[in-house]
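Hi,

Here is the structure I promised to pass on. Have a look at it first, and then read on for what turned up.

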Amino acid sequence: MPNQRAVPTLRRRRLGEALRKYRNTAGMSLGAAATALGWDESKMSRIETAKARLSPGSVAPLLALYGVTDSTVVEPLEALARDAGKQGWWQGYGDVVASGYKDYLTLESDAESTRIYSPDLIPGLLQTTAYAREIIAATAITRSPEEVVALAEVRKARQAILTVRPGGSPLTFWAVIHEAVLHQRFAGQPNLMRDQLRNLLDMGELPNITVQIMPLTATPHPGMLGLFEIVRFPKPWPTVVNLENIRGGYFVEGTDDVAVFETAFDRVVATALSVDDSREIIETTMKDRT
């Protein structure tokens, strides 16, 4: 429907932010840019605020106006314009998936790698369905049992990105998990954690997945302040950091702020056990459960 108003999706917002950045760098006003292209200034404003669509074919002329012709910048922005209104598979779950979570799933689907320090639970991309249901039921305290089941399905469906992704390579995933997580127990389900540890070992064998354990005896490190996840994208998109609390997640952006978390993750990795030693402690814990 040509007259349907564009929904300001995350991809459309990222496109608008990038275009505004390049326009400002070129020292060009909104009105001047619009006039040069024969557009109304209001149209240009709506594009930059994600309230209007931009056709992929208009991206290159607009960027050329700002002096940007590098194909490594132009082509990703054209792709973003092409996919800006695309509905993710999670849209089928409706309002069960909150808007902030939808934004995160969009970021994850576009990312080339993620790195996470998880002090209190197995990361979602490595969870079994049974483990996911228990964790969601315990933490999503306003959710109904039916919503818990649906969210566990969403979490499991996310994991496909680790093995296959149409038009691209699987996500590269690096997780550092605290040893205390390996000893979690679930009332009435003695085999649940054993199965989860087996899954952790199996996933860790994939070439794009790295799993390390932070031992109980570790020296102090930046991860002691809580969970954080670094999400990296192909050029020209900047890296973002995802932080979570009981009300959901939020993103940290900006080169300086992100650099702090990247340094923190390097220190976490240096403090954690090696990959081989991590596998050994997971195996030992799993056998103890048996």
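Which side chain does R115 meet in a salt bridge? The partner is E262, with 3.3 Å from N to O; a salt bridge here is a side-chain nitrogen of Lys or Arg within 4 Å of a carboxyl oxygen of Asp or Glu.

Before the rest, a word on the basis. This is a predicted model, so local features need pLDDT of at least 70 and side-chain atom pairs count only at pLDDT 80 or more, while totals for chains, interfaces and linings use all residues. Residues are numbered from 1 along each chain as its sequence is written, and side-chain values use heavy atoms, with hydrogens and water left out.

Back to the charges. There are eleven salt bridges by that rule. R115 lies in strand β1 (residues 113-118) and E262 in helix α10, so their bridge ties together parts that are 147 residues apart in sequence. Helices (H or I, at least four residues) and strands (E, at least two) are DSSP runs, numbered from the N terminus. R115 is buried at 12% relative accessibility, where buried means under 20% relative accessible area, exposed over 50% and partly exposed in between (1.4 Å probe, protein chains only).

E262 also forms a salt bridge with R232, the closest N and O atoms being 3.1 Å apart. This pair links distant parts of the chain, with R232 in strand β4 (residues 228-232) and E262 in helix α10, 30 residues apart. R232 is partly exposed, at 30%. Elsewhere, salt bridges join R11, R14 and D110 in a network.

Now the rings. The model holds five aromatic pairs: rings of Phe, Tyr and Trp (its six-membered ring) pair if their centres lie within 6.5 Å, and planes under 30 degrees apart count as stacked, over 60 as edge-to-face and the rest as tilted. The W89 and W90 rings have centres 5.4 Å apart and planes at 80 degrees, so they are edge-to-face. W89 is partly exposed at 41%, whereas W90 is buried at 4%.

W174 and F265 are also an edge-to-face pair, 5.9 Å centre to centre with 90 degrees between the planes. W174 is in strand β2 (residues 172-178) and F265 in helix α10 (residues 255-271), so the pair ties together parts 91 residues apart in sequence. F265 is buried, at 1%, and W174 is partly exposed, at 30%.

Happy browsing!
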